[in-house]
Amino acid sequence: LFRSIDDAEPLIVSNGKIEFRNVFFKYKNRYVLRGLNLTIRAGERVGLVGTSGAGKTTLVNLLMRFYDPTRGEILIDGQNIREVTQNALRDAISFIPQDPIMFNRTLRDNIAYGKPDATDAEIRTAARNAAADGFINAAEKKYDSMVGDRGIKLSGGQRQRVAIARAFLKNAPILILDEATSALDSETEVAIQTSFEKLARGRTTIAIAHRLSTLRNMDRIVVIDAGRVIEQGSHKQLLRRHGEYARLWKMQSGGFLGQE
């Protein structure tokens, strides 16, 4: 699925503008994306919405070049991501998945995964920004506490905060959130949502939303259906339009959509 380019260029992200130009993607003889066009302005916060299988996760996987488009191109600040080095592309993006990977190391090591050469002060600042310092300082060995295999000693909310701290530390210009707040209690969700909003400031942000209520403050909501963009606008604009977004909003109890 990958095309290696011998003379791949380094990616220079000066602003963080992202463009999907007529992107098609075929998986197992089925088109998941069909001529998708989407431009995300530098520093804009965009929420992706759609029913299961609409193509939201595929779009993010293509941006991170886990796959290449069947046709079309994806550009960051005018540079085709197929023509830049994989390392440079990954360095430009902070990705917080639904279930962040944790290593059976200390909390300090797990946060520093975002920037291996980080100083102790930088790690602590990132933890504070992610509202993670409270539970870390309450742990017996604080930052030297082990998290257990796959982070088994941490709650879902604590794992999310470690992942957010990693992203603060990495300080990449592009942020991708595959939200997992649906599994958290409401108090934890509110705290983590506040951390997400702090992290998104000044970064080009793409958030896949399963709980639509978390997207109200995004600059723009993009509705994807059958691999195409069918609606876009603010939360209020889309509700007034009485289209697919308004239908999904009414349909869900508590603003939650089935996961892809």
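1. Glu 231 touches Ile 221, Val 222, Val 223, Leu 238, Arg 241, Gly 243, Glu 244 and Tyr 245, with residues up to four places away in sequence left out of the count, and contact here meaning heavy atoms within 4.5 Å. The model is a predicted one, in which local features need pLDDT of at least 70 and side-chain atom pairs count only at pLDDT 80 or more, whereas totals for chains, interfaces and linings use all residues. Residues are numbered from 1 along each chain as its sequence is written, and side-chain values use heavy atoms, with hydrogens and water left out.

2. Glu 231 belongs to strand 10, residues 228–233, where helices (H or I, at least four residues) and strands (E, at least two) are DSSP runs numbered from the N terminus. Glu 231 is buried but has no salt bridge, and the nearest side chain of opposite charge, that of Arg 241, is 5.3 Å away. Buried means under 20% relative accessible area, exposed over 50%, and partly exposed in between, with a 1.4 Å probe and protein chains only; a salt bridge is a side-chain nitrogen of Lys or Arg within 4 Å of a carboxyl oxygen of Asp or Glu. For charge, Lys and Arg count as positive and Asp and Glu as negative, while His and the chain ends are not counted.

3. What the side chain of Glu 231 does reach is backbone: the nitrogen of Glu 244 at 3.2 Å, and the nitrogen of Tyr 245 at 2.9 Å.

4. Turning to the sheet, four strands form an open arrangement in the order 2-1-4-5, with antiparallel pairing; two strands pair if DSSP finds at least two bridges between them. Strand 2 (30–40) and strand 5 (79–80) stand at the edges with a single partner strand each, so one side of each is left without a neighbour in the sheet.

5. Strand 4, residues 71–76, pairs with strand 5 in the antiparallel sense over two bridges, and Ile 76 stands opposite Gln 79 of strand 5. These two strands form a hairpin with two residues between them, and Asp 77 in the turn has a positive phi of about 50 degrees.

6. Strand 1, residues 18–27, is joined to strand 4 by five bridges, again running antiparallel, and Arg 21 stands opposite Glu 73 in strand 4. The side chains of Arg 21 and Glu 73 also meet in a salt bridge at 3.3 Å, N to O. Arg 21 lies in strand 1 and Glu 73 in strand 4, so the pair ties together parts that are 52 residues apart in sequence. Arg 21 is partly exposed, with a relative accessible area of 38%, and Glu 73 is partly exposed as well, at 29%.

7. The structure holds 14 salt bridges, and one of them joins the side chains of Glu 44 and Arg 41 at 3.2 Å, N to O. Glu 44 is buried, with a relative accessible area of 3%, whereas Arg 41 is exposed, with a relative accessible area of 51%.

8. Arg 124 forms a salt bridge with Asp 120, the closest N and O atoms being 3.3 Å apart. Both residues lie in helix 4 (residues 120–129), four residues apart, about one turn of the helix. Arg 124 counts as partly exposed at 31% relative accessibility, as does Asp 120 at 35%. Salt bridges that share partners join Arg 108, Asp 120, Arg 124 and Asp 144 into one network.

How values were computed:
A polar contact is a pair of N or O atoms within 3.5 Å; within protein, one must be able to donate a hydrogen and the other to accept it, and residues adjacent in sequence count only if both atoms are side-chain atoms.
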